[in-house]
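Good morning, and thank you for joining. I would like to take you through one structure today, chain by chain, and I ask that you keep the view open while I speak.

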Amino acid sequence: MNKIPVIIKREYLTRVRKKSFIIMTILAPVLMAALIIIPTLVMMNQQQDFKKIAVIEDNSDLFKGVIKNTENLEFVYLDNVKVDDLKSNFDQAGYYGILYISPEIVNTPNAVQLISKKQPPIGLLQHIENSLEKEIERQKLMTYNIENLDQIIKNVDTKVSVQTKKIGDSGVIKDTSTGISMALAYIGGLLMYMLVFIFGSQVMRGVIEEKTSRVVEVIVSSVKPVQLMMGKIVGIALVGLTQFLIWVFLTMGILTVIKSTILKTENLTEVSQNMTKSILSDEQPQMAQDQAAGVNPDMAEIRQLFSSALNQPWGLIILSFIFYFVTGYLLYASIFAAIGSAVDNETETQQFMLPVTIPIILGLMVAMGTMQNPESSLSFWCSLIPLTSPVVMMARIPFGVPYWQLLLSMALMIVTFVAFVWMAAKIYRTGILMYGKKSSWHEMWKWLRYSG
Amino acid sequence: MALFEAKNVTKKYGTQLALDNVSISVPERCIFGLLGPNGAGKTTLIRIINQITGPDSGELFLNGHKLNAEDVMSIGYLPEERGLYKKMKVGEQALYFAQLKGLSKAEAMRRLKYWFKKLEIVDWWGKKVEELSKGMQQKVQFVTTVVHEPKLLIFDEPFTGFDPVNANIIKNEILFLRERGATIIFSTHNMESVEELCDNITLINKAKAILEGNVYDIRKQWAANEYDIVFEGDVNIPENGRFKIISRQQDNGKSAIRFKAKGDDDTNEILQMAVGLGKVISFNPSLPSMNEIFIRVVESRN
């Protein structure tokens, strides 16, 4: 009778029922959501901080009304007031600061001063600079006596954003976004690294627990050591999968709630409506429609981003992720299981951990480099070598990987993980029953060659 | 008929010989003592019987057929180093071990209830193992060893960690299991319990089986014609070529003498001689304890 399911069930249930599992599972999405919410709240609070600024010009009214008020900024143009008079008591008068524009500004860019008690935020400065630059440009152009100048300026006002398109083997051109590819590469690589490492080391701790509490001898008198090892590895993989899925759903749920409560603005609903429209309708005519309708360029950009996100090879990414998670996890978990079996307690694992940690951290570093330069030969080799390939290949896929490379990498992965599981099982079988021996790589090599 | 047999078992770990051509034969319904100093190879042999590891050469038979993977269900093993999951509840844990031995959940539940009641540990079903005293944990472990009603039971130092009362309970359970038809391999360093419980033994030293057979036969074999006699009053046995005094104690008006007779003397003749010397209170042929035999055999080999 096959007893692996009984083992898997125990490994799974004892972990899932633990308080620490429940707490982490609930807390992690809250923390992740907090990472998104807090900066948003901070930004919104900053904007709500209302500032009134006095604008003083030296005996002219060239720039009167040029700097427009915004939601949080009010510019008050004061005539016949000297800067020096206001300087001492602008605070009491309710001003955040004094903007002093001298007439030389047309030729001397730094002939403008903002006097305030606090360091002014960058947004305020940019707003002032942009407004003044535009006005000075306009005034300079005026001196050329061009007809219909205002209309011309309106017409030439342009924004540029480079659209990247990828041409497939079949000649179909698709929108892509380097930003989105980078984000996917980052998330894919990092998630792979974390899952493999966290749950791989849980396997190790489980093995050590059984060894130190001597449960293992009772169990291996009922089942084969390799069954116990595989039962544990699979059970923990299911725990990881459960936690991962709960995280995905909780995070999505929390984000939906945030979207509908905190960011409840007309603007946003408009964006999402437009985005749904652009997904439903064919894309090229939509662009034309946009131009015809004079749709806000920002909106077009968001739509573009959205459509290129949809154009990512999602099926390939998800399938590869599952493949590399399963094989990569099995590979590392079996190494961790072998290490756990070779030591008497957790402190002894240190000497073994380093050589195992190095390839996976190297993989993560190469993956980060891959985002900058997906075609580098380092990325290529590391995405083929099985110890680094799960992390590196996940970072490469969003940028496009030739199928032969992907298949070669996967084939190498399968061969290697089978070999590692087999070797780990041999070490494990001997290691779990060895106590008080100074464990070393040499010792493990000897165990590998013991007969049944 | 032998329930279990190991024939010419050899096992090496690297270059180190753990078992060298060891054979044992365990009759059905016998309590079989597996003895030997630390590191002699007992644990290796027990692990081979449990199929935790395989022998390099040699054959094993259970109930007449070659030992195979299915036989783990017919064997119960209580290792010397007891082990339970500390964070797991007692009941769940017992169910888990029973299921690993091939019982269905319902059947495991039914049998565990019986044993928990019998050993009066029902109240601990929902407790975590770490909340239990060592003796209580031992009882739980004992139950998990016997719950699948194996034909062959292997107990490695079953009485350590128990107080005398609980040790006696466990001893009676072992005898009860034998009554019901189980065969027991019993490994211990406590020679008194070997004399008390075991029918047959094998003594392993330095990977080799060096002494085997029925306990009483072995003790008689090692007896070397020594006798203990107690007389009333101050009496002594004359040392002539026939008897050799080993020790003599005199107190409370009695004389206790241990002496050695020549090999061909019959007990009746010795007793007749003794009656002529004075009033005999007691007379016993002195059998060496298993402890003495153990020490003498092992030391003579070293």
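I shall begin with the two chains, continue with their contact, and then look at selected elements of each.

Please bear in mind throughout that this is a predicted model.

Let me start with chain A. It holds 17 helices and 6 strands. Chain A has 452 residues, of which 30% are buried. If we take the contacts within chain A between residues at least 6 apart in sequence, 74% of them join residues at least 24 apart.

Chain B has 9 helices and 14 strands. Here 37% of the 302 residues count as buried. For contacts in chain B with a separation of 6 or more, residues 24 or more positions apart account for 68%. Along the principal axes, the C-alpha atoms of chain B fill a box of roughly 70 × 45 × 35 Å. The domain assignment divides chain B into domain 1, residues 2–219, and domain 2, residues 224–286. Between the C-alpha centres of domain 1 and domain 2 of chain B there is a distance of 43 Å.

Now to the contact between the chains. Chain A contributes 21 residues and chain B contributes 22 residues. On the side of chain A that touches chain B, α1 (4–16) and α7 (215–220) each supply at least two residues. The largest share of that side, 6 residues, comes from α7(A). By residue class, the side of chain A that touches chain B divides into 10 nonpolar, 6 polar and 5 charged residues.

Let us return to chain A and look at a sheet. Four strands form an open sheet of mixed pairing, in the order β2-β1-β3-β4. Why does one side of β2 (73–78) and of β4 (112–116) in chain A lack a neighbour in the sheet? These two strands stand at the edges, and each has a single partner strand, so one side of each is left without a neighbour. On average, neighbouring strands of this sheet are turned by 25° against each other, direction ignored. Within the sheet, β1 (residues 51–57) and β3 (residues 97–101) of chain A run parallel and are joined by 5 bridges. Val55(A) has Leu99(A) in β3(A) as its bridge partner.

Next, a helix of chain A. The buried residues include Pro390(A), Met393(A) and Arg396(A). Against which helices do the buried residues of α15(A) pack? Their partners in chain A are α6 (178–212), α12 (314–342), α13 (350–372), α14 (377–382) and α16 (403–431).

Is Tyr435(A) buried or exposed? Tyr435(A) counts as exposed because it has 10 C-beta neighbours inside 10 Å, where the limit for an exposed residue is 12 or fewer. Tyr435(A) and Lys211(A) are 224 residues apart in sequence, with 8.8 Å between their C-alpha atoms.

What pairs with β7(B) in the parallel sense over 4 bridges? The partner is β6 (residues 75–78) of chain B, and there Leu78(B) stands opposite Phe155(B). β7(B) also runs parallel to β8 (residues 183–187) of chain B, joined by 5 bridges; in this pairing, Ile154(B) stands opposite Ile185(B). Together with helix α5(B), residues 164–179, β7(B) and β8(B) make a right-handed β-α-β unit.

Finally, I come to a second sheet, again in chain B. It is open, with 4 strands in the order β12-β13-β11-β14 and antiparallel pairing. Its edge strands are β12 (243–251) and β14 (280–285) of chain B, each pairing on one side only. Neighbouring strands in this sheet are turned by 15° against each other on average, direction ignored. Strands β12(B) and β13(B), the latter at residues 254–261, pair over 8 bridges, and Gln250(B) has Ser255(B) as its bridge partner in β13(B). Helix α8(B), residues 267–277, lies across β11 (226–232), β13 and β14 of chain B, and runs at about 155° to β14(B).

Thank you for your attention.

Key:
Residues numbered from 1 in each chain as written. Chains lettered and ligands numbered in written order. Predicted model: local features only at pLDDT ≥ 70, side-chain atom pairs only at ≥ 80, totals over all residues. Buried ≥ 20, exposed ≤ 12 C-beta atoms within 10 Å, placed from the backbone. Contact = placed C-beta atoms within 7 Å. Nonpolar A, V, L, I, M, F, W, Y, C, P; charged D, E, K, R; others polar. Pairing = 2+ DSSP bridges. Right-handed = clockwise from strand over helix to strand, strands pointing away. Domains from an automatic or database assignment. Axes fitted to C-alpha atoms, helices over the stretch in contact; angles between N-to-C directions.
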